[in-house]
Amino acid sequence: MCSVGDSFGVELEGGMESHKYLCNHCSKMFKGIGTNLKCPKCFSKDIKCVE
Ligand SMILES: [Zn+2]
């Protein structure tokens, strides 16, 4: 589960593994859990999972 915007669109919270993401827009690296993530710096959804 290392993709963004795939068919797994169910929103779950708690007990999920966090992944590292890199923003393609401002190169900010951040941790996120689940889907529908946004960059905390520029709020872009143009992000990719790097770990
Ligand atoms: Zn960004």
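Okay, quick definition before I start: when I say two residues touch, I mean they have heavy atoms within 4.5 Å of each other. And keep in mind that this is a predicted model.

With that in hand, take F30. Leaving out residues up to four places away in sequence, F30 touches H19, K20, Y21, C23, K38, C39, P40 and I47. F30 also belongs to the largest nonpolar core, which has seven residues: Y21, C23, F30, L37, C39, I47 and C49. Strands β1 and β3 each put at least two residues into that core.

So let's go to the strands. There's an open sheet of three, in the order β2-β1-β3, and the pairing is antiparallel. β2, residues 29-33, and β3, residues 47-49, are the edge strands; each has a single partner, so one side of each has no neighbour in the sheet. On average, neighbouring strands here are turned by 40 degrees against each other, if you ignore direction. β1 covers residues 18-23, and its antiparallel pairing with β3 runs over three bridges. In one of those pairings, C23 has I47 in β3 as its bridge partner.

Which residues hold the zinc ion? The protein donors are the SG atoms of C23, C26, C39 and C42, and they lie 2.2 to 2.3 Å from the zinc ion. Along the chain, the donors follow the spacing C-x2-C-x12-C-x2-C. The site is tetrahedral, with angles of 107 to 115 degrees among the four donor atoms. For reference, the ideal angle for four tetrahedral donors is 109.5 degrees.

Now, is C39 buried or exposed? C39 counts as buried because its relative accessibility is 0%, and the cut-off for buried is under 20%. C42 is another zinc donor, but C42 is partly exposed, with a relative accessible area of 28%.

Last stop, K38, which showed up among the F30 contacts. K38 sits in the loop between β2 and β3. At 46% relative accessibility, K38 counts as partly exposed, because exposed would take over 50%. If you set aside neighbours within four places in sequence, K38 is in contact with F30, F43, S44 and K45. And K38 is 15 residues from C23 in sequence, with 8.5 Å between their C-alpha atoms.

How values were computed:
Residues numbered from 1 in each chain as written. Predicted model: local features only at pLDDT ≥ 70, side-chain atom pairs only at ≥ 80, totals over all residues. Heavy atoms only, no water. Pairing = 2+ DSSP bridges. Helix = DSSP H or I, 4+ residues; strand = E, 2+ residues; numbered from the N terminus. Axes fitted to C-alpha atoms, helices over the stretch in contact; angles between N-to-C directions. Donors = N, O, S within 2.8 Å, 3.2 Å for Na, K, Ca; no water. Tetrahedral: all angles 85-135°; square planar, octahedral: opposite > 155°, others 65-115°. Buried < 20%, exposed > 50% of the residue type's maximum accessible area, 1.4 Å probe, protein only. Core = buried A, V, L, I, M, F, W, Y, C linked by side-chain atoms within 4.5 Å.
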